[in-house]
Structure formats: C-alpha cells, structure tokens
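Here is a short tour for anyone meeting this structure for the first time. Take a look, then read on.

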Amino acid sequence: MPVVSSAIIGGLTGLGFALALWTRKEEIDSEGNVCLRYFGPKYAIPMTIAFWVFVGIKHIDDPLYLRNPENFFVILGFVAISLLASLHFVFYRITLTENFIERFQWPLRPRRYPLNELSFIGEKGRQTVLHFSGGKALKIQLLLSGQVKFLERLQAFLLSQAGKKSFRPHIGHGKGSS
C-alpha cells in the first residue's frame with residue numbers, strides 16, 4: 001500500500017507542476033485589453049489546499065496529533081499560506097491599455113506605468129523587463145500567461161510611436177538591470 005500511495009502522490013505532484021507551468025498565448029480582460037495573468041498556478045495551488053485539508057482530516061483521530069495539537073496548527077498554517085498564494089495567483093494581472101500598463105496585485109492597489117515613459121524592453125535571465133523613465137521597471141514573470149500577444153502589441157505600439165520626437169525608446173532584447 002505505501003508504494004501505491006507514493007505513486008499517487010508522485011503523480012499528483014507531477015500534475016500540479018504541469019498545471020503550474022501551463023500558459024496560453026493570449027489573455028484578454030473583460031474590457032478587451034491584452035493582459036498577462038497566471039493561468040496554471042491558479043489551478044495548481046488549490047490542489048495544495050486540498051492536500052493539506054486531506055492531511056488534516058486523515059490525522060483528526062491520530063493519537064500523535066491528539067497529544068500534540070500544535071501539529072494541527074501547522075497544517076492550518078499550510079492551508080492559510082496556500083489560500084493566500086491562491087488568491088494572489090487568481091487576482092494578479094498586468095493589463096496593456098491605450099495609454100498605460102496597469103499591474104494589479106492583490107491586496108495592493110493597482111500600479112500604472114504610462115506608456116509614454118517606456119524607455120527600453122530588456123531581458124534579465126529568462127524574464128522580460130520593461131524599463132520606464134525615472135528608474136521604474138516592470139518584470140514580466142516567466143509563468144505569466146499571454147506573453148506572446150502582450151509583447152507583440154507592446155512592440156507594435158513602440159514601433160508606431162518611434163517616429164515621434166517625444167517618444168524614442170530603445171527596442172530590443174539586451175541585458176537589462178533591475
């Protein structure tokens with residue numbers, strides 16, 4: 001029986017990682033704007049919540065847990081951390097509009113980056129980094145879904161604005177610093 005349960009746990013872990021890495025080429029918000037969001041992790045993290053709830057229920061009458069009730073608090077802590085992570089992945093998004101890029105990260109307020117302040121698109125490691133005037137930068141995490149269309153639209157905007165005197169960003173993928 002232990003071999004079977006180890007195989008099941010291994011299979012579920014593999015499924016969880018596969019879900020966490022799952023992305024799509026295009027993400028659109030309710031207003032029709034191209035955006036980036038976590039697609040896979042918002043499904044993978046609830047699996048961890050279910051796992052820890054299962055562990056808690058399984059050990060509800062375990063003598064070790066009854067003698068040491070702090071073990072239940074540890075499990076409850078893992079459930080709480082998983083729940084917060086799940087909320088983060090569900091609500092996190094970066095939206096490209098006509099005039100700005102907006103990052104919404106619960107529980108923080110939305111942060112806006114005006115497109116006319118965009119000065120450079122670079123890379124750091126395997127992440128794309130958008131550099132803005134004033135030293136601000138926005139990292140586009142590798143696991144964000146919708147990167148293909150988002151970056152295509154952003155580069156199209158940059159190319160359309162390149163001829164204007166007030167807007168001359170460097171377009172390319174060099175090593176950024178952030």
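## A residue in strand β2

Let's start with Thr95, which sits in strand β2, spanning residues 93–96. Keep in mind that this is a predicted model. Thr95 is buried, because its relative accessible area is 4% and buried means under 20%. Leaving aside residues up to four places away in sequence, Thr95 touches Asp29, Asn33, Val34, Cys35, Phe100, Ile101, Glu102 and Phe150.

## The nonpolar core

Now for the inside. The largest nonpolar core is made of 23 residues, and those with the most contacts inside it are Ile94, Ile101, Leu130, Phe150 and Leu154. Two or more residues each come from β1 (34–38), β2, β5 (118–124), β6 (127–132), β7 (137–140) and α5 (147–161). Which element gives the most to this core? That's α5, with 5 residues. As a general point, nonpolar side chains in soluble globular proteins tend to be buried together.

Ile94 has quite a list of partners: not counting residues up to four places away in sequence, Ile94 touches Val34, Cys35, Leu36, Ile101, Glu102, Arg103, Leu138, Lys139, Leu144 and Phe150.

## A nonpolar patch outside

Some nonpolar residues show up on the surface, too. Leu84, Val90, Phe91 and Trp106 form a patch there, with about 350 Å² of accessible area together. One of them, Phe91, belongs to helix α4, which covers residues 70–91. Phe91 is partly exposed, at a relative accessible area of 36%.

## Salt bridges

How many salt bridges does the structure hold? There are 5. In one of these, the side chains of Glu102 and Arg112 meet at 3.2 Å, N to O. This pair links distant parts of the chain, with Glu102 in strand β3 (residues 100–104) and Arg112 in strand β4 (residues 111–114), 10 residues apart. Glu102 is buried, with a relative accessible area of 14%.

Glu117 and Lys136 form another salt bridge, with their closest N and O atoms 3.5 Å apart. Here, too, distant parts of the chain are linked: Glu117 is in the loop between β4 and β5, Lys136 is in the loop between β6 and β7, and they are 19 residues apart. Glu117 is partly exposed at 28% relative accessible area, and Lys136 is partly exposed at 26%.

Over in helix α5, Lys149 and Glu152 are 3 residues apart, about one turn of the helix. Their salt bridge has its closest N and O atoms 3.7 Å apart. Lys149 counts as partly exposed at 30% relative accessibility, as does Glu152 at 45%. Finally, salt bridges that share partners join Arg24, Glu27 and Arg37 into one network.

Terms used: Residues are numbered from 1 along each chain as its sequence is written. This is a predicted model: local features need pLDDT of at least 70, side-chain atom pairs count only at pLDDT 80 or more; totals for chains, interfaces and linings use all residues. Side-chain values use heavy atoms; hydrogens and water are left out. Helices (H or I, at least four residues) and strands (E, at least two) are DSSP runs, numbered from the N terminus. Buried means under 20% relative accessible area, exposed over 50%, partly exposed in between (1.4 Å probe, protein chains only). Contact means heavy atoms within 4.5 Å. Patches are made of residues with over 30% relative accessible area and no salt bridge: like charges are joined within 9 Å, nonpolar side chains (Val, Leu, Ile, Met, Phe, Trp, Tyr) within 5 Å. Accessible areas come from the Shrake-Rupley method with a 1.4 Å probe; for residues, only the protein chains shown count as cover. A salt bridge is a side-chain nitrogen of Lys or Arg within 4 Å of a carboxyl oxygen of Asp or Glu. A nonpolar core is a set of buried Ala, Val, Leu, Ile, Met, Phe, Trp, Tyr and Cys residues joined through side-chain atoms within 4.5 Å.
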